[in-house]
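Hi there,

Here is the structure I promised to pass on to you. Have a look at it first, and my notes follow below.

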Amino acid sequence: MHGEYKVPGGKLVTVDLEVDEDEGVLRQVRVAGDFFLEPDDAFEVLSQSLNGAPADTDAAGLAARIDAALPPGTVLYGLTTEGVGIAVRRALAHATDWTDYDWQLIHEGPQPPALHMALDEVLTTEVAEGRRPPTLRIWEWGAPAVVIGSFQSLRNEVDPQGARRHGIEVVRRISGGGAMFCEPGNTITYSLSVPDDLVQGLSFADSYAYLDDWVLGALGDMGIKAWYQPLNDIATDAGKIAGAAQKRIAGGGGAVLHHVTMAYDIDADKMLEVLRIGREKLSDKGTKSAKKRVDPLRRQTGLPRAAVIERMAGSFRTRYGLTAGKVTDEEMARARELARTKFSSQEWTARVP
């Protein structure tokens with residue numbers, strides 16, 4: 001069995017192993033990767049400490065075995081012992097890798113907010129059923145919107161008078177997480193619709209970091225040092241630049257929707273007139289001002305929005321391959337119907353009043 005895991009902000013760790021079916025333990029474990037480790041003698045300990053471990057040990061338990069065995073003063077760089085444990089769990093789960101797939105890019109013209117919500121559901125369902133390859137979809141907003149999380153209270157998150165005054169549509173997505181303020185030209189949003197096999201062996205939290213890693217690399221290529229900030233933010237020294245959300249789709253082989261909204265630019269005064277951002281939400285962010293929570297990409301990159309998107313797609317293409325695709329006529333017909341019957345309905349939008 002073979003498993004791989006790239007430690008967020010770090011290096012790749014690979015694990016090859018076998019399972020003794022009679023005793024239910026790991027055998028012939030071999031850890032490798034492009035990480036750094038001192039002293040050299042500690043390298044063999046990574047593998048030896050895992051031999052004989054029960055095959056049902058979780059990643060934290062495997063990390064504890066390694067920690068207990070490493071010689072004092074061991075320095076790991078680009079590697080964590082839990083990262084090794086995750087690679088083991090992915091090997092045991094027969095997880096796939098990004099490069100195992102033929103990725104498709106969808107980047108079409110501006111579309112209404114409710115249709116974007118529907119496309120996420122339809123395309124990810126198609127991936128789950130095996131009728132569509134794993135897909136990166138870059139959105140273009142046809143109108144300004146506030147997108148609230150599946151479980152948020154509508155009245156607690158949105159000021160209806162502010163939304164009406166600025167002509168902002170309110171829609172509810174199928175994933176959890178917080179409200180997003182989106183305006184055409186000021187927002188970069190993308191969705192990943194991926195097979196469940198890609199995140200096998202990862203905890204829910206680990207899957208966020210794993211699916212965000214490529215965009216951290218893309219931002220790094222543009223000179224932005226960014227990192228994953230648990231549970232679902234992408235941040236820099238200057239502040240938050242993006243928020244992510246996920247939804248698991250059942251059926252077929254299963255799939256994961258992972259979508260991210262990034263602030264290219266922002267009208268912070270307008271945002272505060274539309275969103276009800278409470279003090280409690282800000283308290284764990286280490287700031288008293290909602291305006292200071294977000295630091296747009298326009299200022300940090302100095303690049304036009306289209307150039308940022310082009311570089312992001314180019315970075316993904318270089319890493320994993322990416323061919324141009326489109327929403328099929330059948331997919332679009334289903335999405336339009338879903339946008340009409342579900343995502344534009346008051347029953348769905350106000351399902352949590």
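**Aspartate 233 and its surroundings**

The side chains of aspartate 233 and lysine 240 are joined by a polar contact of 3.4 Å. Please keep in mind that this is a predicted model.

Where do the two partners of that contact sit? Aspartate 233 belongs to strand β13, while lysine 240 lies in β14, where it stands opposite alanine 235. Is aspartate 233 buried or exposed? Its relative accessible area is 5%, and the cut-off for buried is under 20%, so aspartate 233 counts as buried.

The rest of the strand is covered too. β13 runs over residues 233–236, and its residues are all buried. Asp233 and Ala235 point one way from the strand, whereas Ile234 and Thr236 point the other way.

- Strand β12 (residues 227–229) pairs with β13 in the antiparallel sense, over three bridges. The two form a hairpin, with three residues between them. Within this pairing, tyrosine 228 stands opposite isoleucine 234 of β13.
- Strand β14 (residues 239–249) also pairs with β13 in the antiparallel sense, over four bridges. Here the hairpin joins the strands through two residues.

**Helices**

How do α2 and α3 cross? For helix α2 (residues 59–69) and helix α3 (residues 81–92), the axes come within 8 Å and cross at roughly 130 degrees. That angle makes α2 oblique to α3. The crossing of the pair is right-handed.

Helix α4 covers residues 113–128, 16 residues in total. From its first C-alpha to its last it reaches 23 Å, close to the 22 Å expected at 1.5 Å a residue. α4 is mostly covered, with 15 of its 16 residues buried. Just after α4 comes glycine 130, which takes a positive phi of about 80 degrees.

Best wishes

How values were computed
Residues numbered from 1 in each chain as written. Predicted model: local features only at pLDDT ≥ 70, side-chain atom pairs only at ≥ 80, totals over all residues. Heavy atoms only, no water. Buried < 20%, exposed > 50% of the residue type's maximum accessible area, 1.4 Å probe, protein only. Pairing = 2+ DSSP bridges. Polar contact = N/O pair within 3.5 Å; in protein donor to acceptor, adjacent residues only side chain to side chain. Expected span 1.5 Å × (residues − 1). Axes fitted to C-alpha atoms, helices over the stretch in contact; angles between N-to-C directions. Parallel < 35°, antiparallel > 145°, perpendicular 65-115°, else oblique. Left-handed = near helix turned anticlockwise from the far one by under 90°.
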